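Here are my notes on the model you sent. Please read them with the structure open.

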Amino acid sequence: MLSVVRRGGRIELHVTDEGAGFAPGFAGRAFDRFSRADDARSPGGTGLGLAIVELITAAHGGSAGVSQREGGGADVWIALQPAPDLAAVPVLR
């Protein structure tokens, strides 16, 4: 699921799921290049997706994060400053 939240003057874009979430201890290295939570989990992939997300977000002055959802699943988000001309536009939920 994709959701948008305005928090502390920033806009957060959240991608959540209801799956198993991240493996224990993975959240701390989720944005490291070539990191994968569990190589046996799914074939293919290089572990670059979240590293690329973090680099692009940082290039735009933002930040990225991950967490486990209460009750299961993962929450991955980016937080960005809204463009000055969009700061007054309400965020739909």
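1. Two strands count as paired if DSSP finds at least two bridges between them. Helices (H or I, at least four residues) and strands (E, at least two) are DSSP runs, numbered from the N terminus. On that basis, six bridges link β2 to strand β4 (residues 74-80), and the two run antiparallel.

2. A note on the source. This is a predicted model, in which local features need pLDDT of at least 70 and side-chain atom pairs count only at pLDDT 80 or more, while totals for chains, interfaces and linings use all residues. Residues are numbered from 1 along each chain as its sequence is written, and side-chain values use heavy atoms, with hydrogens and water left out.

3. Confidence. pLDDT is the predictor's confidence in each residue, on a scale from 0 to 100. The protein has a mean pLDDT of 84, with 83% of its residues at 70 or more. Among the elements, β2 has the highest mean (95) and strand β3 (residues 63-68) the lowest (92). Where pLDDT is low, the predicted coordinates should not be read in detail.

4. Layout. The protein has one helix and four strands, in the order β-β-α-β-β from the N terminus. Strand β1 (residues 2-7) and strand β2 (residues 10-16) are antiparallel and joined by six bridges. R6 stands opposite I11 in β2. The two strands form a hairpin with two residues between them, and G8 in the turn has a positive phi of about 60 degrees.

5. Contacts and surface. Taking contact as heavy atoms within 4.5 Å, 47% of the contacts between residues at least 6 apart in sequence join residues at least 24 apart. The protein exposes about 6,300 Å², of which carbon and sulfur atoms supply 60%; the areas come from the Shrake-Rupley method with a 1.4 Å probe, and for residues only the protein chains shown count as cover.

6. Burial. Residues are buried under 20% relative accessible area, exposed over 50% and partly exposed in between (1.4 Å probe, protein chains only). Of the 93 residues in the protein, 25% are buried.

7. Which rings pair, and how? Rings of Phe, Tyr and Trp (its six-membered ring) pair if their centres lie within 6.5 Å; planes under 30 degrees apart are stacked, over 60 edge-to-face, and the rest tilted. The structure holds one aromatic pair. The ring centres of F22 and F26 are 5.5 Å apart and the planes are at 35 degrees, so the pair is tilted. F22 is buried at 16% relative accessible area, and F26 is buried at 5%.
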